[in-house]
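Please follow them with the structure open.

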Amino acid sequence: MEKVLDLLLIHADVDGARINVGIEDGKIAYLGKDRPSAHEKINLHGKVLLPGMIDPHVHVRDMGMEYKETWETGSRAALAGGVTTIIDMPNTKPPLISIEAYDQKNQAAKKSYVNYSFHAGTDEHSLYQLGKLFEDRKRAVAGLKLFLAETSSNEVTVQKDFLTDAMSLARQYNKVVLFHAELEKCVIQNSHKYSDEKYDDIIYHSTIRNIQCELDALKLIIELSAKTNTPSYICHLTSAAGYDLVAQAQKNGVPLYMELTPHHTFLSEDAVFLFGNIAKVNPPLRNEKERLYLYNRLINGELSCVGSDHAPHFKDEKMMRYSKAPSGFPGLETSYHLLIDQAIRGHMNFNTVKKIACENPAEIFSIPKRGKIEAGYYADLAVVDQEAEWKVDPDIFESKAKYSPFLGKNLKGKVCITIVNGVASYIDKEFTQSVHGKDIYSE
Ligand SMILES: [Zn+2]
């Protein structure tokens, strides 16, 4: 008897070719011109089919901070943005620094509509607990995130001996170490210089947390990565000099990856004049020269990944004075769209988009069978209407955080269907099924 597929996507544009894509048991089972039988069919009429984005840098909040975001609202935002896998950062309540905290977060994440994993954290008293987590739950987390400066409810770890031990531990268990690359000492020194009340204004943000603080951190990360031979992932790079420093170290054989956020790619610090503390983010937005340098590296595919750094806060918190307002804003609904827009406008190749948003993160974090449209891979897919033109409107975000420094930005190309593990979970702004995502390492 002929095998009947679960779902057949007809007339999909995959890499410029018009093909049909068959799905069975959550995975891609057929790619070609034929039309094998299927229980369900969706005609895409030539719309672009991409792998769903794998976002390695998301702050889902939840648990103690559900007023900012939950796994339900955050993962619905992901679906609306064509993101099919999210990796959550450890600075939650409780922080993910032990087996107990892992179990608690893992339970909360079961409500996610998209696939998920977590980065662990640690502090100078918790390395033993982290070792136990790595040992007892070998496939539980994607990486280890270390913060070299305070940013948002995180432990700061800067002692060289401690960092060396933490990195060596991560290496022992094949975990990539992710860094928030701003050095605390530099930030504190600048904060003292600008402690007068007249400087309590977002316009001084990129002066207080200046590029030197990033460079100081990068030098330390490069030194320790080389010494311990541990792969390090630089989160949200912001400067030309920082890029050059890391690129040179990569050439010298130091195992380093670079992440860029959409906001450091597409926004300069001028956004703070328009949006005030809404645009407050760590590390800060920089001037146009820095932005353009990084943008050019990105469109040439010279960075490892794009991470949204989706960092939702309650809007009233963002409205507080500069020194009190928390850093970060939502990004799950705009990140992939901003890249897709670049590809449709012809500034960037779709292959580059797929590399930095899907394939590279899957490879760096050893995620099995995701990030590509290939037979045997999970059917995590985003259908893009390449004719659609729209404006970013945070009022209709799925995220609880309904604001964005991308407010009003015109974009070409809209995700109209998002498929997770073979299930079309989001079709034309409707959430069709409450099917949940999977732990990406569960298999
Ligand atoms: Zn972050």
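1. Eight bridges join strand β14 (residues 381-391) to strand β15 (residues 410-420), and the two run antiparallel; strands and helices here are DSSP runs, a strand (E) having at least two residues and a helix (H or I) at least four, numbered from the N terminus, and two strands count as paired if DSSP finds at least two bridges between them. Within this pair, V384 stands opposite V415 in β15. Strand β14 is also joined by four bridges to strand β5 (residues 48-51), again antiparallel, and there P51 stands opposite L381.

2. On the basis of these remarks: this is a predicted model, in which local features need pLDDT of at least 70 and side-chain atom pairs count only at pLDDT 80 or more, while totals for chains, interfaces and linings use all residues. Residues are numbered from 1 along each chain as its sequence is written, and side-chain values use heavy atoms, with hydrogens and water left out.

3. An open sheet is formed by eight strands in the order β6-β7-β8-β9-β10-β11-β12-β13, with parallel pairing. Because β6 and β13 stand at the edges with a single partner strand each, one side of each is left without a neighbour in the sheet. Strand β7 (residues 83-88) is joined to strand β8 (residues 115-120) by four bridges, and the bridge partner of T85 in β8 is N115.

4. Helix α2 (residues 99-109) lies across β7 and β8 and runs at about 160° to β8, whereas helix α14 (residues 350-364) lies across β6, β10, β11, β12 and β13 and runs at about 65° to β6.

5. Which residues are the protein donors of the zinc ion? They are H57 (NE2), H59 (NE2) and D309 (OD), lying 2.1 to 2.2 Å from the ion, where donors are N, O and S atoms within 2.8 Å of the metal (3.2 Å for Na, K and Ca), and the site may look incomplete since water is not among the atoms. H59 lies in the loop between β6 and α1 and D309 in the loop between β13 and α12, so the pair ties together parts that are 250 residues apart in sequence. Both H59 and D309 are buried, meaning under 20% relative accessible area, with exposed over 50% and partly exposed in between (1.4 Å probe, protein chains only).

6. The largest nonpolar core has 102 residues, and I86 and Y336 have the most contacts inside it; such a core is a set of buried Ala, Val, Leu, Ile, Met, Phe, Trp, Tyr and Cys residues joined through side-chain atoms within 4.5 Å. Helix α7 (residues 211-228) gives the most to this core, with seven residues. Apart from it lies another core, of 19 residues, including L9, V21, I42 and L49.

7. One disulfide is counted, taking a disulfide as a pair of cysteine sulfur atoms within 2.5 Å. C186 and C213 form it, with their sulfur atoms 2.0 Å apart, and the link is left-handed, with -75° about the S-S bond. Since C186 lies in helix α5 (residues 184-193) and C213 in helix α7, the pair ties together parts that are 27 residues apart in sequence. The sulfur of C235 is 9.6 Å from the closest cysteine sulfur, in C305, which is too far for a bond.

Conventions: Contact means heavy atoms within 4.5 Å. Axes are lines fitted to C-alpha atoms, for helices over the stretch in contact, and angles run from 0 to 180 degrees between N-to-C directions.
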